[in-house]
Amino acid sequence: MGAPLPIVQEGRSDTASSRRPSQASREPLRDSSDESVPLLADLEANHRSYQSNGDVRPEAVGKRDTRGVVKQLAVRVSQGSRPLLKDALKSIPAVILGTLLNILDGISYGMIIFPAAGVFSGLGGAGVSMFFVTAIVTQLIYSAGASGFAGANGSMMIEVVPFFHLIANQIADDIGEDNPRAVLATTMVAFAFSSILTGATFFLLGALKLGSLIGFFPRHILVGCIGGVGVFLVITGLTVSTRMSDDDFSLSLETFKFLVLNVHNLVMWLPAFCLAVLLRVITHKWEHQLIFPIYFCIIPVVFYIVVAAAHLDLGMLRQAGWLFDMGTWREPWYHFYKLYDFGAMSWPAFWATMPTQFALLFFNILHPPLNVPALAVSLNHDVNTDKELVAHGYSNLLAGLIGTVPNYLVYVNTLLFYRVGGDTRVSGFLLAGATTILLLVGTGPIAYIPVMVVGALIFVLGIDLVKEALWDTRHRVSTSEYVTIASIMICMTVWDFVTGVLFGIVVSCIFFVVQSSQRRSIRALHTGDSVMSTVRRPGAHRAYLRDVSKQTTILRLQGFMFFGTIAHVEDAIRSLLDENAWRRSPIRFLVLDLSLVAGVDMSAAEAFVRVRRLLEGKRVVLVLCGCTVESSVGRALNNVGLLDMSGVELFETFSDAVEWTENIYLRAWFRAQKAETLPVALPGRQDDVIPFQGSVIDSPRRTALVDAGWRTIARDHSPPDPQDAPEPFNTLVRAFSSYEPIDRDTYAPLIPYLARMAVPEGTILWNQGDAPDGLYIVESGILRATYRFADPTPPMVESMVPGTIAGELSALSGLERNATCVVERPAVVWKLSVEDLARLEEDHPELARAFTRLVLKVAKLDYDILITALATRQ
């Protein structure tokens, strides 16, 4: 019992608090307004413990000193209540404004929760009570810490009213109005179930951290639904003002005559509509958060001044429709609970409302993920959307369990509440208390509220929502999106809300398919001579490959491949195989780069199968790259059997695919020269079989390949007798003869400066960032250099084959290595160290300058290809 009570404070650590008690006592306002601190922390903010003299050690409490401890505790609690009282006094203006807003919302939207005709007539008071109950529930939960907004204002979801009318009218039609008890009981359970369904969905979305996913729902569909609600509210304003039944309203000439040509009805709704328009004119010129509540407080005052001056009878005004006829105004606030009767309700009629329930749910869950971030931006407040969804889950589940309607955090009310000082949880609890007083007072005072006040409120919101949907979006959305918004509003007005939502989704899907089909799915189309692999090859080989790679066509795809986009790809490939195009530029390889393809549907995968059949007829190899068999794209292609077909190759990267095609071209040349063994080392995948073997003989493509080989590789300036040209001279000729003639006598003095090195597989010649130790000329084997860049840029891999040089730029410049070089296959290299290069420059300056010029020529071409590969790999 004598142990000190811990102090819960999230704003400062306990250590800091205990070291500076005087400072803590000077900052009660900051702590009390910290929305992350529980309410009890406001009382404890200035104290580090409940022990006397600030001693943190536990004191024994016996019979004699218990009274003293209780007295000390009472003193400390009374002292701690000072910041609480200060927050309460500071919150009075905000509480008054919040209470007034709840009154206005309650009498305008609570009154129309139920349809106004048939078995539901006279239930306006019950609707107002249900409105206040759900507002109190959500206010208490938000203020208790469930919401990250300390001054969050909760209220009924007013957008559910159209769906509630659909549910109520459907139940009345299914059961029949001759059994009003069953109709009302089933309707009440359906309303409460909508709260439970909404709450469970919010809670799951928040608990599973899925709040951000809702933001990806097409915004224009939601805007169309909001516009449909606006039209419904305008219609509701007309029916409430003229006491017209919802069932009687229709877009017909009879309704027009009833509302416009009937002078009495025109006088009933036109003033309310004009008041709504006047308010929007005023707020357009002057912006202040108090204009709205003051305006609607003035209207009843002016109304009763006119009534008093004209000596009008309230009973006659109520009978004429100027005041609400609250036939059950003497009923207590909990009267709506008497409408629940599980024994009388019709379960078949209840289950028949499920489509509307899910449409209502769909509409409900879209609001908080949009309102919460918007409110956070307006208040400059960091907030967790998932936490707010969990809070909405708690408030709606509790509201449903106690038999009332769905609720949510109201953006406008909360913003106004903050601006007039309601930024603490104390103010939220005070608002809940004031709303409870309104609930206990009952619905009797509603009988003295002018109908035009409620009508004007409904018209204001309806006009705002229609304006937001049609006027504010006219320059912000595309034509197709605007058509979708307008069509949703029309469908909701002519038919019902469920049809409108479904129609909007269908229209959006159609427009999405059309727009996606018009987007370019081919981001680039070029031949292989413009993009070569990152393999350093002898100059003669590169010249040969640049010539024959014109027979390689590269098609880079992007986006999602589906039935709408694949048609363009298929047409482009067919155009490549057209007779005229084929005579101008026959192809051997068609490389499809799928690295930026997000996915492939079944229609697109089968289209690739058709493409493969077309290519097979021309003996063209289909090379796929940018995906793996395990990826989503690879699985889609494998599901239709494409990857198992002959004439189809798959590579993980674009560079691997181009490297493979180049290797095939080289193999084809040497096979055509009847070479028994391949005189060059080729990196990458080793395929002994040439995929187009049957098409090499006597074809235009073979002729082009052979001609290119004779112009390049066959004219290589290698010495005829290797015995007369021992290494490393033979390697020097292969490396540099493509750039200028290599005379043996001229370069003989260079030989002593080169050191022969036999390096096994896996040897690291240098690491990226190392100081340069020299340059290497590859005699045999293969080296692999890996260039690593800053995240998230992926690394680049470059291979060096015999007859190429490595590490030349860093050796000549003296700068650190820009890559890590590893021996991929056992190699023999000739090293010119930095020290030997310096001796060569001193002993043979002319030879050193000529050799350096050759190295720079080779390096320039190598790095041009490397830069091109970097620029085109995505």
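Colleague: Which residues count, and how?
Modeller: In this predicted model local features need pLDDT of at least 70 and side-chain atom pairs count only at pLDDT 80 or more, while totals for chains, interfaces and linings use all residues. Residues are numbered from 1 along each chain as its sequence is written, and side-chain values use heavy atoms, with hydrogens and water left out.

Colleague: How many of the 874 residues are buried, as a percentage?
Modeller: Of the 874 residues, 52% count as buried, where buried is under 20% relative accessible area, exposed is over 50% and partly exposed is in between, with a 1.4 Å probe and protein chains only.

Colleague: What does E570 pair with?
Modeller: E570 forms salt bridges (a side-chain nitrogen of Lys or Arg within 4 Å of a carboxyl oxygen of Asp or Glu) with R574, at 3.3 Å between the closest N and O atoms, and with R610, at 2.9 Å. The R610 pair links distant parts of the chain, 40 residues apart, from helix α28 to helix α26, helices being DSSP runs of H or I with at least four residues, numbered from the N terminus.

Colleague: Is E570 buried or exposed?
Modeller: E570 is buried at 9% relative accessibility, whereas R574 is partly exposed at 40% and R610 is partly exposed at 35%.

Colleague: Changing topic, what does F296 touch?
Modeller: Leaving aside neighbours within four places in sequence, F296 is in contact (heavy atoms within 4.5 Å) with L104, L279, V453, A456, L457 and V460.

How values were computed
Helix = DSSP H or I, 4+ residues; strand = E, 2+ residues; numbered from the N terminus.
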